[in-house]
Amino acid sequence: MNAPRASAEDYIQFLIATPKVASAAEAARAQPDHPTAPAHDAFTRLLHRLEPDPAALWDEARSSVRPGGAVVLDDSVLDKPFARHMGLVRRCWSGRHRRVVSGIGLVTLLWTDGAALVPCDYRLADPARAETKNDHFRAMLAVAKGRDLSPRVVLFDTWYSGKDNLKAVRALGWHFLTRVRSNRRVNPDRTGNRAIEGCPIGAAGTVVHLEGFGLVKAFRIATGDGGTEHWITNDLDMDEATRAVLAGHAWGIEEYHRGLKQHCHVDRCQVRMSRAQAVHIGLAIRAFLRLEWHRLKSGVSWFAAKTAIVREAVRTYLAAPTYLLTQKSTT
């Protein structure tokens, strides 16, 4: 049997370099001239042959993860507005569009120290399986514990702030910091549970009893639009200054989602099979990891790194343009 001509690294580097089109055919067209250059079907077979294995991401990410920092978990929808027979696509709520759309649900566990953004694990919502996003949340935390991650805090948004998830973080021996809805019920003074928005919360935070969980420290934060946010943590010694810094780290996963979509084409794979889609998504996340490693090492942004690749192609073309008007004789 002949060895495969296309490798995972070939596809990852193609995703980094291509400015827009991410398909097996385009990957083949972009290959350097060589007698053994892979054809488009080699890349198609690659996507169907590889196992969609998040462990491969961790093998590459582990050297960038240090003790401390924060673990951030959140999900994003990979838009597939025209998909009709594509694997993994389902109808789901999109925070970006503020409505239900067709797409693939991606849940990521990201490690950050405020500077580095290192995806360590991910899960895909499969309509054919019964797991929910909360199931994926708890599963990835358990895997992270088994990998000896030791974050300062686990960060997540309101969607994941249910008591089962809070208890899962506590059972691992970690601290969490999350926003909760204004109607979340707490008992601040042993007089009964009531909505957190109606409870007195000090500027430095107030220890309250969260219904169904136990003691937490609550913070009430004024937002720029005149509203309020409520945050809770099981680290009863956390102060407001620390909360503000750690809450800022949570924004890193939104930057990661943006970079993954804009620069790694995670949502542009033109295949139908669930397995091929899952493999593409995993390779796109590994492509992001390479761009992020380059950013940390050189200070060059993801956008600038991609632009530099395209600029070289433009310079080569301008040295010998081929799309010219042929002047006709006027005799």
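The legends below describe close-up views of a predicted model. In this model, local features need pLDDT of at least 70 and side-chain atom pairs count only at pLDDT 80 or more, while totals for chains, interfaces and linings use all residues. Residues are numbered from 1 along each chain as its sequence is written, and side-chain values use heavy atoms, with hydrogens and water left out.

**View 1. Helices α5 and α6.** Two packed helices are described by the angle between their axes and the distance between the axes. The axes of helix α5 (residues 133-146) and helix α6 (residues 163-171) come within 10 Å and cross at roughly 0 degrees. Helices (H or I, at least four residues) and strands (E, at least two) are DSSP runs, numbered from the N terminus. Axes are lines fitted to C-alpha atoms, for helices over the stretch in contact, with angles from 0 to 180 degrees between N-to-C directions. α5 and α6 are therefore roughly parallel to each other; angles under 35 degrees count as roughly parallel, over 145 as roughly antiparallel, 65 to 115 as roughly perpendicular and the rest as oblique. Asn134, Phe137, Arg138 and Leu141 of α5 make the contact with Asp164, Asn165, Ala168 and Val169 of α6, where contact means heavy atoms within 4.5 Å. By class, this contact of α5 with α6 has four nonpolar, two polar and two charged residues. Ala, Val, Leu, Ile, Met, Phe, Trp, Tyr, Cys and Pro count as nonpolar, Asp, Glu, Lys and Arg as charged, and the others, Gly among them, as polar.

**View 2. Helices α1 and α3.** The axes of helix α1 (residues 8-17) and α3 come within 10 Å and cross at roughly 110 degrees. α1 and α3 are therefore roughly perpendicular to each other. On the α1 side the contact is made by Ala8, Asp10 and Tyr11, and on the α3 side by Phe43, Leu46 and Leu47. The contact of α1 with α3 has five nonpolar, no polar and one charged residues.

View 3. Asp41 forms a salt bridge with Arg45, the closest N and O atoms being 3.3 Å apart. A salt bridge is a side-chain nitrogen of Lys or Arg within 4 Å of a carboxyl oxygen of Asp or Glu; the structure holds 20 salt bridges. Asp41 and Arg45 both lie in helix α3 (residues 40-49), four residues apart, about one turn of the helix. Asp41 is partly exposed, with a relative accessible area of 34%; buried means under 20% relative accessible area, exposed over 50%, and partly exposed in between (1.4 Å probe, protein chains only).

**View 4. The pair Arg275 and Glu51.** Arg275 and Glu51 form a salt bridge, with the closest N and O atoms 3.3 Å apart. Arg275 lies in helix α9 (residues 274-298) and Glu51 in the loop between α3 and α4 (54-61), so the pair ties together parts that are 224 residues apart in sequence. Arg275 is partly exposed at 33% relative accessibility, whereas Glu51 is exposed at 59%.

**View 5. Asp121 and Arg123.** The side chains of Asp121 and Arg123 meet in a salt bridge (2.6 Å, N to O). Asp121 counts as buried, at 2% relative accessibility.

**View 6. The surroundings of Glu9.** Salt bridges that share partners join Glu9, Glu60, Arg286 and Arg290 into one network. Glu9 lies in helix α1 and is partly exposed, with a relative accessible area of 32%. The C-alpha atoms of Glu9 and Leu283, 274 residues apart along the chain, are separated by 8.5 Å.
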